[in-house]
Amino acid sequence: MSLNVALAMPSHTARAVFPPRSLDPLEPALTLLSREPIQDFTSQEGRSLLAEADILLTGWGCPMIDDDVLDAAPRLRYVLHAAGSVKHHIGDACWERGIQVSSAADANAIPVAEYTVAMIILANKRVLQIARALHTTRTDVLAEHLFPDMGNYRKRVGIIGASKIGRHVIRLLAPYELDVVVADPYLSPAEAAGLGVGLVSLDELVAGCDVVSLHAPSLPSTKNLIDAGQIARMRPGATFINTSRGELVDQDALIARVERGDLYAILDVTTPWVLPAESRLYTHPNVLLTPHVAGSLGNELERMAASAVDEALRLSRGEALRFGVKEADLAFTA
């Protein structure tokens, strides 16, 4: 018997993440109940779709799936999230009732890793600083005189967090002749060896790397993970990259170190999310700010749709979910 699929998310999310072509592969293996998403689980239309759904494809802004929703969805067995974290819509009732959950966090990690790798290569080549010098002087710039250490050959790159994003960064850096080290309390020496990286302490990583890239999850235990002490340990001329979350960094200490002139920062995330207009991070020549563009945007959103659709197709073939999420995972993932 074919499994029934319904979408649950705001309509604007559905339009962005699930263009019509992205849903076409579902049929005829599964039955797509409607191409219009459930936006309100209490509406008559929402209740009607819930009553028939075996699978929910969810996206950003999906309402909370709690006991009341599950009571209205007696057939529901799977929630496949076409985005990253499931913490905002998977209620305790889902875990208690054995609903299987998957996430497209791995698909969402790919553009973040691509952004990170691009920035690492540019940082070691000193492209951002040299470009700024050229724009400022408007004359011949002798790049090697400004930065005799420029280049990527055998530079040491530190990855904080062997998360999904961190592992994709490691994979994408493999072709380069770089020394890549990782700090992660959950990574074993054997796992690090399998990834082809060195395993070091956080203190050793920040003190010894030319580029330090942050990929740890935002959890109560990781707030200010990169504190004033860690920022002070970073070697002169190093570049710090943050595509994780602003609250993992002591931002005041970072600003103070940047203003000393011997540290560079590439920040796709800050605290607050949008900095006040007077923030010194906007104007300092050692800082590159981007407005949280590392994650899936534009046509990259469809990769997450494809991930969720592929999970549904796996279920139609009687296969296990590839990117299943367990309740225990939530304690150490975003």
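A nonpolar core here is a set of buried Ala, Val, Leu, Ile, Met, Phe, Trp, Tyr and Cys residues joined through side-chain atoms within 4.5 Å, where buried means under 20% relative accessible area (1.4 Å probe, protein chains only). The model is predicted, so local features need pLDDT of at least 70 and side-chain atom pairs count only at pLDDT 80 or more, while totals for chains, interfaces and linings use all residues. Numbering starts from 1 along each chain as its sequence is written, and side-chain values use heavy atoms, leaving out hydrogens and water.

**View 1. The largest nonpolar core has 28 residues.** Leu205, Ile226 and Phe240 have the most contacts inside it. Helix H13 (251-260) gives the largest share, 4 residues; helices (H or I, at least four residues) and strands (E, at least two) are DSSP runs numbered from the N terminus. Others supplying at least two residues each include strand E7 (179-183) and helix H11 (202-208).

**View 2. Here's Phe240 and its neighbours.**

**View 3. Helix H6 (residues 105-125) meets helix H14 (residues 301-316).** Their axes, lines fitted to C-alpha atoms over the stretch in contact, come within 8 Å and cross at roughly 150°. That makes H6 roughly antiparallel to H14, a label for angles over 145 degrees on a scale from 0 to 180 between N-to-C directions. Ala107, Asn108, Ile110, Pro111 and Glu114 of H6 touch Arg303, Met304 and Ser307 of H14.

How values were computed. Parallel < 35°, antiparallel > 145°, perpendicular 65-115°, else oblique. Contact = heavy atoms within 4.5 Å. Buried < 20%, exposed > 50% of the residue type's maximum accessible area, 1.4 Å probe, protein only. Lists of a residue's contacts leave out its neighbours within four places in sequence.
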